[in-house]
Amino acid sequence: MKNKMTTDMIAKMGMMIAVALVLGFIRFPIIPAVGFLTYDFADIPILITAFAYGPIPGLIVTVLVCFIQAFMLGGDGIYGFLMHFLASGAFVLVAATFYQRKKTKKQAVVALILASIVMIVLMAVANIYITPFYMAAGVDGGIQAVKQMVFQLMPLIVLFNVIKAALNSGITFVVYKKISGFLHREGIRKR
């Protein structure tokens, strides 16, 4: 890949953003006990973009998707943006950085596993330190009460992120090669 973004690359990144936003509407809870944690498929096109073009283009797509979902499509505003960006951004940065070193199936698996671990740990920490400030208003006991609730729910929060990472990794691993040809091809050919 060249060190600069081409017009073709930017156009394809825009298409992947659009795909991510559409897939973001397909959301569902994975664990009924924590139904407020919903899974959507938006991170898969983001991760595919990062594998194809590298960590920086991947992060650019991540920021734009997180922003549009949080502020224009009825997301959770600044809290939703921050938590989504932390989760997806960490995943994309780690996975794309390791995959760029050596683009093999084995390296992709290692990259996805490392990214999953980083994202799971980061989101556990983020839920402990960020969520209480967001949810404290209107809760008896304020920040401390929310922190206690987060600690009680932590096994389910971690399980949710394990399942999310596994789904994103597995689907990306299966479909990446089919889509990467389009992303790496110059221009958009008519068939």
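In this structure, the side chains of K12 and D8 join in a salt bridge, with N and O 3.1 Å apart. The model is a predicted one. Both residues belong to helix 1, residues 7-23. They are four residues apart there, so about one helical turn separates them. K12 is buried, with a relative accessible area of 0%. D8 is buried too, at 17%, because buried means under 20%. K12 has another partner. Its charged end sits over the ring of F182, 4.9 Å from the ring centre.

The model has three salt bridges by the rule used here. Another of them pairs R27 with D40, at 2.9 Å from N to O. R27 lies in strand 1 (residues 27-29) and D40 in strand 2 (residues 38-40), so this bridge ties together parts 13 residues apart in sequence. R27 is partly exposed, with a relative accessible area of 45%, whereas D40 is buried, at 10%.

D43 and K164 also form a salt bridge, and their closest N and O atoms are 3.8 Å apart. That counts because the cut-off is 4 Å. D43 sits in helix 2 and K164 in helix 7 (residues 142-184), so the bridge ties together parts 121 residues apart in sequence. D43 is buried, at 10% relative accessibility. K164 is buried as well, at 13%.

Now turn to the rings. The count comes to 11 aromatic pairs. Take F51 and Y99: their ring centres are 4.3 Å apart and their planes meet at 15°, so the pair is stacked. Stacked planes are under 30 degrees apart. F51 is in helix 2 (residues 43-53) and Y99 in helix 4 (residues 77-101), so the pair links distant parts of the chain, 48 residues apart. F51 and Y99 are both buried.

Y79 and Y134 make a further stacked pair, because their ring centres are 3.9 Å apart and their planes are at 5°. Y79 lies in helix 4 and Y134 in helix 6 (residues 131-135), so the pair ties together parts 55 residues apart in sequence. Y79 is buried, with a relative accessible area of 14%. Y134 is partly exposed, at 41%.

Rings can also gather in groups here: ring pairs link F67, F71, F81 and F85 into a cluster. One more charge meets a ring. R101 lies over the face of F98, 4.7 Å from the ring centre.

Key. Residues numbered from 1 in each chain as written. Predicted model: local features only at pLDDT ≥ 70, side-chain atom pairs only at ≥ 80, totals over all residues. Heavy atoms only, no water. Phe/Tyr/Trp six-rings, centres within 6.5 Å; stacked < 30°, edge-to-face > 60°. Helix = DSSP H or I, 4+ residues; strand = E, 2+ residues; numbered from the N terminus. Buried < 20%, exposed > 50% of the residue type's maximum accessible area, 1.4 Å probe, protein only. Lys NZ or Arg CZ within 6 Å of the ring centre and 35° of its normal.
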